[in-house]
Amino acid sequence: MKIAILSRNPNLYSTRRLVEAGRELGHEVDVIDTMHCYMDITSSSPSVRYDGRPLPKYDAVIPRIGASVTFYGTAVVRQFEMMGTYSINESVAISRSRDKLRSLQLMSRKGLGLPKTGFAHHPDKIGDLLKNVGGAPVVIKLLEGTQGIGVVLAESNKTAESIIEAFMGLKANILVQEYIKEAGGADIRCLVVGGKVVAAMKRQGAEGEFRSNLHRGGTATLVKLSPEERKTAIDAAKVMGLNMCGVDILRSNNGPLIMEVNSSPGLEGIESATKKDVAKMIIQYLEKASVTGTTKTKGKG
């Protein structure tokens, strides 16, 4: 197969591992900087141009698109789809997962476990907003935040009101969620590939830190999932329409609660914690899924 990995940095651990795994399995793998691609939109023969020439025909593409370049990145993925290239995650599914509010609405509609969540625009509704999620302590999240940035824990209603007013004054879109105290600053990252959880790790926040992100000093360890947790992760990926993703789950007194679904999950932490060759599993899934005629990615939507 001829595989393209859309990544802005070929030296990133996840990109490097996917290249290594693909080549070890006998495939031709190219790394393409998403933001340096440009497209002929109106041509009867869609193409993606790069470095002054049209890119060759690829059998499959693996999008590693950062949150800050979602709009342009998904446009590039759409163009590959129009050219008949199989994308491990469809452009529409990536866009869907990047919209935290839309993601929660879709999962809620399907009855998946979620923390109590509120969303509002006008400051005069803050009191009722806090009441509906159970009152302080609450977690306040920027919709566009990533890697724990823009996530704040408010210990009291007064503090929460001040933070929300400040965010709203900046015209920022925010979510307010109940704080799951029993989770103890830890969450479970499940790596789903092709409708199966292929690896899972527990991420524990640093001392005094309620966010468990590894980028913020958290630690990762191997974890055994319950059948309910495994099913929750698989169902979340299915609702989002993602063939490969990371599903972050909190262990609560009411069962597993989904925090987020990540369409471009990092591989370093989970490969280190589980000692599994996740990159190889992703390429092996591509080998089966990208057979001609099995893709539904036609650039629609």
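Predicted model: local features only at pLDDT ≥ 70, side-chain atom pairs only at ≥ 80, totals over all residues.

Reader: Why give an angle and a distance?

Author: Two packed helices are described by the angle between their axes and the distance between the axes.

Reader: What is the handedness of the crossing where H2 passes H3?

Author: The crossing is right-handed.

Reader: Which residues in H2 and H3 meet?

Author: From H2 come Thr70, Thr74, Val77, Arg78 and Glu81. In H3 they meet Ser91, Ile94, Ser95 and Arg98. Sorted by class, this contact has two nonpolar, four polar and three charged residues.

Reader: Now sheets. In what order do the strands E1, E2, E6 and E7 lie?

Author: The order is E2-E1-E6-E7, in an open sheet with parallel pairing. Look for the edges next. Strand E2 (28-32) and strand E7 (86-87) each have a single partner strand, so one side of each is left without a neighbour in the sheet.

Reader: How many bridges pair E1 with E6?

Author: Four bridges link strand E1 (residues 2-6) and strand E6 (residues 60-63), in the parallel sense. Pick out isoleucine 3: its bridge partner in E6 is alanine 60. Helix H9 (residues 278-289) touches E1, E6 and E7, and its direction makes about 140 degrees with that of E6.

Reader: Is the pairing in the sheet of E8, E9, E10 and E11 parallel or antiparallel?

Author: Antiparallel. This open sheet has four strands in the order E8-E11-E9-E10. At its edges stand strand E8 (117-118) and strand E10 (151-154). Each has a single partner strand, so one side of each is left without a neighbour in the sheet. Two bridges join E8 to strand E11 (residues 174-178). Glycine 118 stands opposite valine 176 in E11.

Reader: Which strands do helix H4 and helix H6 lie across?

Author: Helix H4 (residues 100-109) lies across E8, E9 and E11, at about 45 degrees to E11. Helix H6 (residues 157-169) lies across E9, E10 and E11, at about 10 degrees to E9.

Reader: How many helices and strands does the protein chain have?

Author: Nine helices and 16 strands. Its radius of gyration is 20 Å, close to the 19 Å that the globule rule gives for 301 residues, so the chain is as compact as a globular protein of that length. The C-alpha trace spans about 60 × 45 × 35 Å along its principal axes.

Definitions and conventions
Residues numbered from 1 in each chain as written. Heavy atoms only, no water. Left-handed = near helix turned anticlockwise from the far one by under 90°. Contact = heavy atoms within 4.5 Å. Nonpolar A, V, L, I, M, F, W, Y, C, P; charged D, E, K, R; others polar. Pairing = 2+ DSSP bridges. Axes fitted to C-alpha atoms, helices over the stretch in contact; angles between N-to-C directions. Rg over C-alpha atoms; globule rule 2.2 N^0.38 Å.
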